[in-house]
Structure formats: C-alpha cells, structure tokens
Amino acid sequence: ASLFTGHHSFVHEATHAEDINVHSYPLDEHYITLAELLSSKGYITGAVTANRVFLTPWFGLNQGFQYYWWGRSRNDVLVFKKMLPLLLDDKSFENIRKICGISAVNSSRRINQIAIDWLKKQRNHPFFLFLNYMESHGIDYLPPPYSKMFTHYPAPSWPPRSRENGTPVVSGKEFERIRSWYDNELAFLDNQIGLFLNQQPFSSW
C-alpha cells in the first residue's frame with residue numbers, strides 16, 4: 001500500500017495482521033494509487049501477483065489496475081469467502097493453507113507466463129506492469145539446482161519452534177540455514193526475472 005500510494009503505513013493504515021488480537025484493514029478507496037494516476041494519463045495498467053492471500057482484491061491494492069490477476073478461480077473465490085474470518089484474526093500462511101486446503105502462492109513461472117501473455121496484447125501502448133513473486137518468502141519447493149545451490153539442508157521451518165517469552169529464538173546454526181536457503185531463493189528468483197526480461201515481447205519494442 002505504501003509503494004502504491006507514497007504514504008507511510010501509519011497514514012493509510014492498510015495492514016495485514018500477524019497477531020490474533022489485531023485486525024486487518026484494506027487500503028481505503030480515497031487514496032490515489034500509482035496505477036490510478038498512470039491509468040488517468042493513458043497508460044494500460046496490469047498486475048500479476050503470486051500472493052493469493054494478502055494481495056487478493058479484498059486488500060484494495062487492485063485500485064487503478066485495469067487487469068489484476070491473482071490466480072483466482074470460482075473455487076478460489078468461494079474459499080476466500082471462508083478465509084475472511086481468518087484474515088481478520090490469525091494471519092498465519094500455514095493455518096490458512098491447512099484450513100482452506102489451497103496453495104497460498106502462485107509460482108514465478110506461472111507469473112511470468114501470465115504477464116507475458118498480457119504484454120503481447122499491449123504493443124504500441126504505454127503500460128505499467130506490477131509483478132509480485134513469492135520465492136523469496138520462505139517457499140520450500142525450489143527446483144534443482146537452486147534447492148541445493150548454497151545449502152544441502154532442506155528449507156528451515158519458519159517461524160522457529162524455539163521461543164522465549166513468546167518471542168521466536170534463532171540459534172546461530174539456524175540463522176546460517178535460513179540465510180543459505182534465502183540465497184537459494186534469490187538465485188532462483190533472479191533466474192526467473194532474467195527469463196522474463198529476455199522474452200520476445202521486450203525485444204520487439
């Protein structure tokens with residue numbers, strides 16, 4: 001929300017709660033987003049998002065986008081209605097995924113393909129495209145060689161199971177595992193973005 005509006009979070013107050021006692025709030029419609037501004041200037045605006053929980057239209061970040069893809073299907077919409085009580089309380093990805101039985105993310109490969117298909121229709125038009133990837137957010141399904149590029153250990157659990165007075169505690173060894181796995185994720189995501197930028201629509205413009 002801050003990226004799209006230029007306002008600090010304490011101004012627009014849009015948030016996703018990570019505490020069971022804190023509520024989530026979507027972006028208020030009276031805030032003008034970058035997509036709305038560019039759309040008013042003649043730009044074609046599109047967004048393709050991997051996060052199927054916190055970037056759903058309910059959070060209001062689709063304001064100004066003429067095309068907003070979040071992997072929705074009829075089943076997703078029905079499931080999302082079931083998720084709303086959880087979105088207002090417990091914001092754990094794992095709880096939402098277990099209770100609702102859906103994947104919380106779309107893969108970067110799918111994001112790239114959807115975005116390229118959209119771009120092919122925008123030739124000769126100025127456009128603004130927002131892409132959201134999730135591989136750098138603790139995703140545990142990286143393909144080889146990226147799953148073992150910087151560490152041979154499997155993806156670490158997050159948040160850590162060890163706690164002190166309710167606060168997660170990360171040991172030095174756990175920290176190294178988390179950092180190495182994060183490097184795996186960044187390497188894979190960097191490759192995927194490179195593949196996207198090398199696609200034919202860009203070379204033809």
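Reader: Among contacts in the protein between residues at least 6 apart in sequence, what percentage join residues at least 24 apart?

Author: This is a predicted model, in which local features need a pLDDT of at least 70 and side-chain atom pairs count only at pLDDT 80 or more, whereas totals for chains, interfaces and linings use all residues. Residues are numbered from 1 along each chain as its sequence is written, and side-chain values use heavy atoms, with hydrogens and water left out. Contact means heavy atoms within 4.5 Å. Among contacts between residues at least 6 apart in sequence, the share that joins residues at least 24 apart comes to 68%.

Reader: What pattern does the protein follow when read along the sequence?

Author: Helices (H or I, at least four residues) and strands (E, at least two) are taken as DSSP runs and numbered from the N terminus. By that assignment, the secondary structure comes to 8 helices and 5 strands. Read along the sequence, the pattern is α-α-α-β-β-α-α-α-β-β-β-α-α.

Reader: How many bridges join β1 to β3?

Author: Strand β1 (residues 44-49) also pairs with β2 in the parallel sense, over 3 bridges, and valine 48 stands opposite tryptophan 69 in β2. Towards β3, valine 48 stands opposite leucine 131. The strands β1 and β3 run parallel, and the number of bridges that join them is 6.

Reader: Of the 6 residues of β1, how many are buried?

Author: A residue is buried at under 20% relative accessible area, exposed at over 50% and partly exposed in between, with a 1.4 Å probe and protein chains only. For the protein as a whole, 39% of the 205 residues count as buried. Strand β1 is mostly covered, and of its 6 residues the number buried is 5.

Reader: What is the relative accessible area of threonine 49?

Author: Threonine 49 has its place in strand β1. Leaving aside neighbours within four places in sequence, its contacts include Tyr68, Trp69, Trp70, Ile111 and Phe130. Threonine 49 counts as buried because its relative accessible area is 0%.

Reader: What distance separates the C-alpha atoms of methionine 134 and threonine 49?

Author: Methionine 134 lies in the loop between β3 and β4 (163-164), and at 4% relative accessibility this residue counts as buried. Methionine 134 and threonine 49 are 85 residues apart along the chain, and their C-alpha atoms are separated by 8.7 Å.

Reader: Which two residues does a cis peptide bond join?

Author: Proline 145, one of the two, lies in the loop between β3 and β4. The bond has an omega of about 5 degrees, and the residues on either side of it are proline 144 and proline 145.

Reader: At what angle do helix α6 and helix α7 pack?

Author: Axes are lines fitted to C-alpha atoms, for helices over the stretch in contact, and angles run from 0 to 180 degrees between N-to-C directions. On that basis, α6 (residues 108-119) and α7 (residues 172-197) have their axes 10 Å apart and pack at an angle of about 15 degrees.

Reader: Is α6 roughly parallel or roughly antiparallel to α7?

Author: Angles under 35 degrees count as roughly parallel, over 145 as roughly antiparallel, 65 to 115 as roughly perpendicular and the rest as oblique. With the packing angle at about 15 degrees, α6 and α7 are roughly parallel.

Methods: Two strands pair if DSSP finds at least two bridges between them.
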